[in-house]
Amino acid sequence: MVAHQITNVLTRNGSLTEAWRRDWKLDDLPVGQVFQRILEPGATSGWHAHAVTTDRLFCASGRILLALYDARIDSSTHGKAIDFRLGMERPAVIVVPPGLWHGVKNIGSSPALFLNVVDVAYDYDDPDHYRLPVDTPLIPYQL
């Protein structure tokens with residue numbers, strides 16, 4: 001997992017926020033797909049993981065909690081959970097490698113919009129997407 005704190009650039013009529021730049025060198029993977037997700041207040045995406053896909057998550061509007069759990073047997077952080085609170089006030093991009101379980105919850109009072117810049121586009125015929133219920137006993141973290 002890699003995280004990169006982002007600085008908003010103030011302009012005369014608002015601000016500009018860069019969500020992804022190759023020269024940040026967070027990874028050297030290609031961009032296969034970019035999509036946005038909207039979550040209503042209190043809603044959660046549930047737990048999911050990928051075998052080969054890397055997610056790069058950025059909250060563009062609202063406030064989200066991104067929780068990660070490492071179930072990879074050979075990982076130095078095996079069995080550990082961590083969370084990030086992201087939003088317009090605290091912009092960051094979080095790079096989630098394959099094998100990390102992650103879930104997103106809207107912790108704000110308005111809809112939250114986040115972007116995902118993945119290295120491998122979603123394959124509708126053979127999805128690289130594994131799900132667990134939000135209340136699974138397999139992950140020691142309450143979303």
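The text below takes up the cores, then the pocket, then residues in loops and strands.

The model is predicted, so local features need pLDDT of at least 70 and side-chain atom pairs count only at pLDDT 80 or more, while totals for chains, interfaces and linings use all residues. Residues are numbered from 1 along each chain as its sequence is written, and side-chain values use heavy atoms, with hydrogens and water left out.

## Nonpolar cores

A nonpolar core is a set of buried Ala, Val, Leu, Ile, Met, Phe, Trp, Tyr and Cys residues joined through side-chain atoms within 4.5 Å. Buried means under 20% relative accessible area, exposed over 50% and partly exposed in between, with a 1.4 Å probe and protein chains only. The largest core has 15 residues, of which Ile64, Leu86, Ile94 and Phe114 touch the most other members. Two or more residues each come from β6 (55–61), β7 (63–70), β8 (81–87), β9 (92–96), β10 (100–106) and β11 (112–118). These strands are DSSP runs (E, at least two residues), numbered from the N terminus. A second, separate core has 10 residues, including Trp47, Trp101, Leu132 and Leu143. In soluble globular proteins, nonpolar side chains tend to be buried together.

Contacts are heavy atoms within 4.5 Å. With residues up to four places away in sequence left out, Phe114 touches Phe35, Gln36, Arg37, Leu39, Leu57, Phe58, Cys59, Ala60, Ile64 and Val104. Ile94 lies in strand β9 and is buried, at 1% relative accessible area. Ile94 and Thr54 are 40 residues apart in sequence, and their C-alpha atoms are 10 Å apart in space.

## The largest pocket

A pocket is found on a 1 Å grid over the protein atoms alone, as an open set of points where a 1.4 Å probe fits, with protein on both sides within 12 Å along at least five of seven lines; lining residues have an atom within 4 Å of a point. Grid points are joined across faces, edges and corners, and the volume is the space filled by probe spheres set on the points. The largest pocket holds about 450 Å³ of space. It is lined by 23 residues, and those closest to its centre are Phe35, His50, Asn116, Tyr122 and His129. At least two lining residues each come from β4 (33–39), β6, β10 and β11. The lining divides into nine nonpolar, eight polar and six charged residues. Here Ala, Val, Leu, Ile, Met, Phe, Trp, Tyr, Cys and Pro count as nonpolar, Asp, Glu, Lys and Arg as charged, and the others, Gly among them, as polar.

His50 lies in the loop between β5 (47–49) and β6. This residue is buried, with a relative accessible area of 8%. Beyond four places in sequence, His50 touches Asp55, Pro98, Gly99, His102, Asp128, His129 and Tyr130.

## Side chain to backbone contacts

A polar contact is a pair of N or O atoms within 3.5 Å; within protein, one must be able to donate a hydrogen and the other to accept it, and residues adjacent in sequence count only if both atoms are side-chain atoms.

| Side chain | Backbone atom | Distance |
|---|---|---|
| His50 | oxygen of Asp128 | 2.6 Å |
| Asp119 | nitrogen of Thr54 | 2.7 Å |
| Thr136 | nitrogen of Leu138 | 3.1 Å |

Thr136 lies in the segment after β12 (130–132) and counts as buried at 8% relative accessibility. Asp119 is placed in the loop between β11 and β12, and counts as buried at 11%. Contacts of Asp119 beyond four places in sequence include Leu29, Pro30, Val31, Gly32 and Thr54.

## Other residues

Val117, in strand β11, is buried at 12% relative accessibility. Val117 and Gln33 are 84 residues apart in sequence, with a C-alpha to C-alpha distance of 6.0 Å. Ile6, in the loop between β1 (2–5) and β2 (9–11), is buried at 7%.

Lys25 lies in the loop between β3 (14–16) and β4 and is exposed, at 70% relative accessibility. The phi of Lys25 is near 55°, a positive value in a residue other than glycine. Most residues other than glycine have a negative phi.

Terms used: Helix = DSSP H or I, 4+ residues; strand = E, 2+ residues; numbered from the N terminus.
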